[in-house]
Amino acid sequence: DSIDDVREDVLEALYALNPVILATDTQGYYLCQEMHSDMKEVADSLHAKTEASVYLFQNERGIFVRNSDGSFYAPEENKLNFELVSGGILSALYAGIDEKNAMMFALQFASLRRKGLPTQYDYEIMKHRLSELIRNV
């Protein structure tokens, strides 16, 4: 089954739970189930349906975010590792960090992976960075 096969009534029931959406740009268009010409329209539509934050990943461009404060774009010229960046965003959000700092933390962490497997030192640096962000909450 693909995202195309999800019934509209199931999607509407899911949207009623107010989920944060982390999706690729393509998945965002499918989830939206409407025709839109750009990411902003897709993100606005999904935000209206979920009343929660929407993160749309665009490879080699960045992440478009729509939340209750409006929208913003976090540029990233490199290919995004969706799972790694999503995990970093969710971890930081769960720790109480605001969305912009959570995204910047996740993108910084993902950049370590592009150099190969992160070392223990890399993990310690990122743990320190995350603890600094948490202290500033």
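I first asked which residues of helix 5 are buried, and found Glu99, Ala102, Met103, Phe105, Ala106, Leu107, Phe109, Ala110 and Leu112; buried means under 20% relative accessible area, exposed over 50% and partly exposed in between, with a 1.4 Å probe and protein chains only. I kept in mind that this is a predicted model, in which local features need pLDDT of at least 70 and side-chain atom pairs count only at pLDDT 80 or more, while totals for chains, interfaces and linings use all residues. Residues are numbered from 1 along each chain as its sequence is written, and side-chain values use heavy atoms, with hydrogens and water left out.

I then looked up what covers these buried residues, and the list includes strand 2 (54-58), strand 3 (62-67), strand 4 (70-75), helix 4 (82-94) and helix 6 (120-135), contact meaning heavy atoms within 4.5 Å. Helices (H or I, at least four residues) and strands (E, at least two) are DSSP runs, numbered from the N terminus.

Helix 5 spans residues 99-113, 15 residues in number, and I noted 22 Å from its first C-alpha to its last, close to the 21 Å expected at 1.5 Å a residue; the expected span is 1.5 Å times one less than the number of residues.

**The N-terminal end**

What caps helix 5 at its N-terminal end? I found aspartate 98, with a side-chain oxygen 3.3 Å from the backbone nitrogen of lysine 100. The charged end of lysine 100 sits over the ring of phenylalanine 72, 4.9 Å from its centre (NZ of Lys or CZ of Arg within 6 Å of the ring centre and within 35 degrees of the ring normal).

**Aromatic pairs**

My search of the whole structure gave three aromatic pairs, defined by ring centres of Phe, Tyr and Trp (its six-membered ring) within 6.5 Å, with planes under 30 degrees apart stacked, over 60 edge-to-face and the rest tilted. One of them joins phenylalanine 64 and tyrosine 73, whose centres are 6.3 Å apart and whose planes are at 50°, so the pair is tilted. Phenylalanine 64 is buried at 10% relative accessible area, whereas tyrosine 73 is partly exposed at 31%.

**The chain**

Finally, I noted six helices and four strands, and that 36% of the 137 residues count as buried.

Methods: A polar contact is a pair of N or O atoms within 3.5 Å; within protein, one must be able to donate a hydrogen and the other to accept it, and residues adjacent in sequence count only if both atoms are side-chain atoms.
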